[in-house]
Amino acid sequence: MKLSSSVFALLCLICEIVSIALFLRGFFPVPVKSSFSAKSKVNDFPAEPQTGSGPNSSKAPAPLFKRVVIVLIDALREDFVFGSDGRRFMPYTRHVVERGSSHSFIAKARPPTVTMPRIKALTTGSIPGFIDVVMNLNSPALLEDNLIWQAKSAGKRIIFYGDDTWVRLFPKHFMEHDGTTSFFVSDYTEVDNNVTRHLDGTLKRDDWDILILHYLGLDHIGHISGPHSSLIGPKLMEMDDIIKKIHSSLISK
């Protein structure tokens, strides 16, 4: 039995639609969202290493540090620190690494490498989907189990300054925040000054446990003129001075 041309064309159209749908389903998978009830609880964690003199002692060890400062320098490539120009533009950071008083490793990011999916990967440990590229323009609150939620649930006081994507992902997690929009790519000065202007006063305070800083200027320079721009060196030196200030302040306390 011969198929009419119209039936054959309809079958081809159905096959094309199914093929496109399968491709989109695989290339843009919808990330699995965990509910609040699925977040890890304290009793889900593995037991702490045993300390003390007794064989049955199970007392948890005391924290080594009272504070944590997380500095995210957007688009900080590995060669900017460990390459030939690292010692010239980031001397303090390079010195801290080389003298063995820090631990360093190189992370390899997988696409998509836009801001929101990468923040989700850092805070949840999950692999973001390409659909997150679209959601990057208007990030919804992150409902998956994540480090920021766990820290807030543990009573930690968190302060954030930088890319306002964090504020959209974690709308009620920070005791204090000042978000900076990342869409004015031509701005590589004020976008970082808006973070640094809080630094001196915040480091002197004792009412916080975690400080998160997200600097965007280096990334904006990369978008404007590439990684070999003459603007890269001064920006790396600025970031190195900020790291030195934070490190020196924490050591002094």
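Helix H4 itself covers residues 91-98 and has Tyr 92, Thr 93, Arg 94 and Val 96 as buried residues. The model described here is a predicted one, and the protein in it has 12 helices and four strands. Of its 253 residues, 35% are buried, and among contacts between residues at least 6 apart in sequence, 63% join residues at least 24 apart.

- Glu 98 counts as partly exposed because its relative accessibility is 46%, which lies between the 20% under which a residue is buried and the 50% over which a residue is exposed.
- Arg 87 is likewise partly exposed, with a relative accessible area of 47%.

**Other salt bridges**

- The structure holds 14 salt bridges, one of which is formed by Lys 245 and Asp 200, with the closest N and O atoms 3.2 Å apart.
- Lys 245 lies in helix H12 and Asp 200 in helix H10 (residues 199-204), so this pair ties together parts that are 45 residues apart in sequence.
- Both partners of that pair are partly exposed, Lys 245 at 35% relative accessibility and Asp 200 at 42%.
- Arg 205 and Asp 207 also meet through their side chains in a salt bridge, with an N to O distance of 3.0 Å; Arg 205 is partly exposed with a relative accessible area of 24%, and Asp 207 is partly exposed at 28% relative accessibility.
- Salt bridges that share partners join Arg 87, Arg 94 and Glu 98 into one network.

**Helix H11 and what packs against it**

- Helix H11 (residues 217-225) has Gly 217, Leu 218, Asp 219, His 220 and Ile 221 as its buried residues.
- These buried residues of H11 pack against strand S1 (68-73), H2, helix H9 (190-196), strand S4 (210-215) and H12.

- A polar atom of the side chain of Lys 235 lies 2.8 Å from the backbone oxygen of Tyr 188.
- When neighbours within four places in sequence are left aside, Lys 235 is in contact with Tyr 188, Asp 192, Gly 217, Leu 218 and Ile 221; among these partners, Gly 217, Leu 218 and Ile 221 are also listed with the buried residues of helix H11.
- Gly 233 likewise has its place in helix H12, and this glycine counts as buried at 6% relative accessibility.
- The C-alpha atoms of Gly 233 and Phe 80 are separated by 9.0 Å, although the two residues are 153 residues apart along the chain.

**The second largest pocket**

- The second largest pocket holds about 190 Å³ of space, and of the 13 residues that line this pocket, the closest to its centre are Phe 80, Asp 85, Pro 227, His 228 and Ile 232.
- H2 and H12 are the elements that give two or more residues to the lining of this pocket, and H12 gives the most, with three residues.
- Sorted by class, the lining of the second largest pocket has five nonpolar, five polar and three charged residues.

Definitions and conventions
Residues are numbered from 1 along each chain as its sequence is written. This is a predicted model: local features need pLDDT of at least 70, side-chain atom pairs count only at pLDDT 80 or more; totals for chains, interfaces and linings use all residues. Side-chain values use heavy atoms; hydrogens and water are left out. Buried means under 20% relative accessible area, exposed over 50%, partly exposed in between (1.4 Å probe, protein chains only). On a 1 Å grid over the protein atoms alone, a cavity is a set of points where a 1.4 Å probe fits but cannot get out, and a pocket is an open set with protein on both sides within 12 Å along at least five of seven lines; lining residues have an atom within 4 Å of a point. Grid points are joined across faces, edges and corners, and a volume is the space filled by probe spheres set on the points. Ala, Val, Leu, Ile, Met, Phe, Trp, Tyr, Cys and Pro count as nonpolar, Asp, Glu, Lys and Arg as charged, and the others, Gly among them, as polar. A polar contact is a pair of N or O atoms within 3.5 Å; within protein, one must be able to donate a hydrogen and the other to accept it, and residues adjacent in sequence count only if both atoms are side-chain atoms. Contact means heavy atoms within 4.5 Å. A salt bridge is a side-chain nitrogen of Lys or Arg within 4 Å of a carboxyl oxygen of Asp or Glu.
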